[in-house]
Structure formats: structure tokens, C-alpha cells
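Trainee: I'd like a close look at cavities, please. Take me through that topic slowly, and then show me what else deserves a glance along the way.

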Amino acid sequence: MRSRPFIQCDVFTDTPTRGNGLAVVMDGTGLSDAEMQAFAAWTNLAETTFLLPARSDEADYTLRIFTPTREMPFAGHPTLGSCAAWLHLGGQPKEPGIVRQDCGVGVVEIDLTGPVPAFVAPATAIRPMDPDMRAAILSTLDIPEDRVRHTAELDNGPVWQMIELASAEDVLRAEAMRVRWPEFKAIGLFGAYPDGADCAYEVRMLAPSSGMAEDPITGSLNAAIALWLQNEGRLTGPLTASQGQKIGRKGRVHILPHPSHDGRVLIGGETQMLIEGTVRI
């Protein structure tokens, strides 16, 4: 057991304590899988991350991501929050303007040149949702069939049962306590705000594996939605998604075209540093 640099931050918000909290152990060297998992269970946050030396010449560091109950191959708010913490403590990327994070889905780039730091949305497999799963979700959440616009199963490391509803109001009407992991896997809901609103969509993620009824703000889910919209020709420019409103958060996820205009999509947001010190693990 030794002291390790530690930061607790708030991701995807411009207002401290209104985003998605993240615990970052800045030096995970020497910790076993069991020790990392035990500490993540103790923090009881949606995710806790551990930075390790890069496993390849390409990456700037390696990141491991844990919920209170399991390890994740990739997650959005831990990616942005860990990158922000690394930079806050003096990290310098090998290539100016780009941080490269090695994690369970491979190397993820975080672009630092735009209005907010933003990661490149990882490749997303798009499949039809299982009809029985679709029926079970709609029935349990009491969602009328005529309020459903599209459904799909999206896989970008995490697997999302994704339902697009007719409006943001429909999304906010759903009762999160009706669904829990593991009876239901991660459910994503999104629906559009009227033209002229501050945000294009309201997003919710229900039944997260962390044991909560609802995740505050979910970068990987928004990344999957962005690539789904792009695949259907419906992502025509930058937009901002809102998430967390139902549980008192002010999440803002910025979806941006990659500056190279090569078809990639960036998922960005602000990170607020709240606690900085050391932790004994």
C-alpha cells in the first residue's frame, strides 16, 4: 500500500457537481485487478479509472476503467475526465493537440484543438434490436408504440438497446426505476427538442451496470448515437445533447465533425476538477 496521486472530477458539464463524477487514480502501477475493482467499489461512483504507462509507442498512457462491479473496455466520461486529469497534472502528449489513450477497445484519440476536448467516437456496430427485448422495454417503461421513431442495438464496446422517441418530452417521461441491471442491459433513450432549443436532443441511459437506476451523462452512449445518426445520413453538423436533467444534472455533450472531414465524429465536453490529493491503495 502506498500513496498515489488522485483526482476527483466532474465531466460533461460547465457547472461543478452538475456533471458525471469520476475518480482518477493517476498511478495504478503495481495494483492487481482485484485491488482496482475493490477501490472502484469503495468510491461507489459510476466509474473509477487507473492510469498506467503506455503499452505501445503510439499511446500516451494506458487507462483501465471500472464500475463498482466490473471492468469496462471503454467509456466516454472516464476517457475525457482521465485525459483532463492527466493534462492537469502536467501530462504532455507525444503529438501536440492529440492525446492517445490505450484502453480495452484499442487506442482512442482525444482531440485538444476544438472548443472542448473531444474523443473520436469508436467504431459502432449497428444491429436490429431483438424483437422480444424491444417489446419488454416498451412494456416495462410504458412507452406507446406510436411514440417510437427508431430502434437499434448499438455496440461500441458497451452494448446499448437504443430507442429514439418522438420528442425530448417523451424521453423525460420514462420512469427509470422500472428497469434495473442485470434484468435489463443498458437502455438508451433519446428524442429531439423543438427547433431553436439550446440542445438538439435529450438523452437518458437507464439500467447501468453500476447499480444506479440512471447514469448521469454517458459519453459512449452519445458516441454510439452520433455514429448511428451519421450512418443514416441524419448527422449534418455540430450539435449539443442534454443528459441528466431528470436527476438534477446539467450534462452537455458536444458532437462535432472531425476537423479532417474524414467521416469521423468527435464527442466532447468540459471537465471540472473538484478534489486533488493522494489516496493510499
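Mentor: Let's start with the words we need. A cavity is a set of grid points where a 1.4 Å probe fits but cannot get out, and its lining residues have an atom within 4 Å of a point. Keep in mind that this is a predicted model.

Now, the cavity itself. The structure holds 1 cavity of 30 Å³ or more, and the volume of the largest cavity is about 30 Å³. Its lining is made up of Phe 190, Tyr 201, Val 203, Asn 222, Ile 225, Leu 229, Leu 239, Ala 241 and Ile 255. Strand E13 (201-206), helix H5 (219-231) and strand E15 (239-243) are the elements that give two or more residues to that lining. H5 has the largest share, with 3 residues.

Ala 207 counts as buried because its relative accessible area is 0%, and the cut-off for buried is under 20%.

Phe 12 isn't a glycine either, yet its phi is positive at about 65°. With a relative accessible area of 0%, Phe 12 is buried.

Another backbone detail is the peptide bond from Trp 181 to Pro 182, which is cis, with omega near 5°. You'll find Pro 182 in the loop between helix H4 (168-173) and strand E12 (187-192).

Let's zoom out. The domain assignment gives domain 1 (3-113 + 270-280) and domain 2 (125-267). Their C-alpha centres lie 23 Å apart, and 24 residues of domain 1 are in contact with 22 residues of domain 2.

One last stop: UniProt, in an unreviewed entry, lists Glu 47 under "active site". Glu 47 is part of strand E3 (residues 47-52), and it counts as buried because its relative accessibility is 9%. Leaving aside residues up to four places away in sequence, Glu 47 touches several others, including Gly 21, Phe 66 and His 77.

Key: Residues numbered from 1 in each chain as written. Predicted model: local features only at pLDDT ≥ 70, side-chain atom pairs only at ≥ 80, totals over all residues. Heavy atoms only, no water. 1 Å grid on protein atoms, 1.4 Å probe; cavity = no way out; pocket = protein on both sides within 12 Å on 5 of 7 lines; lining within 4 Å. Points joined across faces, edges and corners; volume = space filled by probe spheres on them. Helix = DSSP H or I, 4+ residues; strand = E, 2+ residues; numbered from the N terminus. UniProt positions renumbered as here; feature names shortened; annotations may be inferred. Buried < 20%, exposed > 50% of the residue type's maximum accessible area, 1.4 Å probe, protein only. Contact = heavy atoms within 4.5 Å. Domains from an automatic or database assignment.
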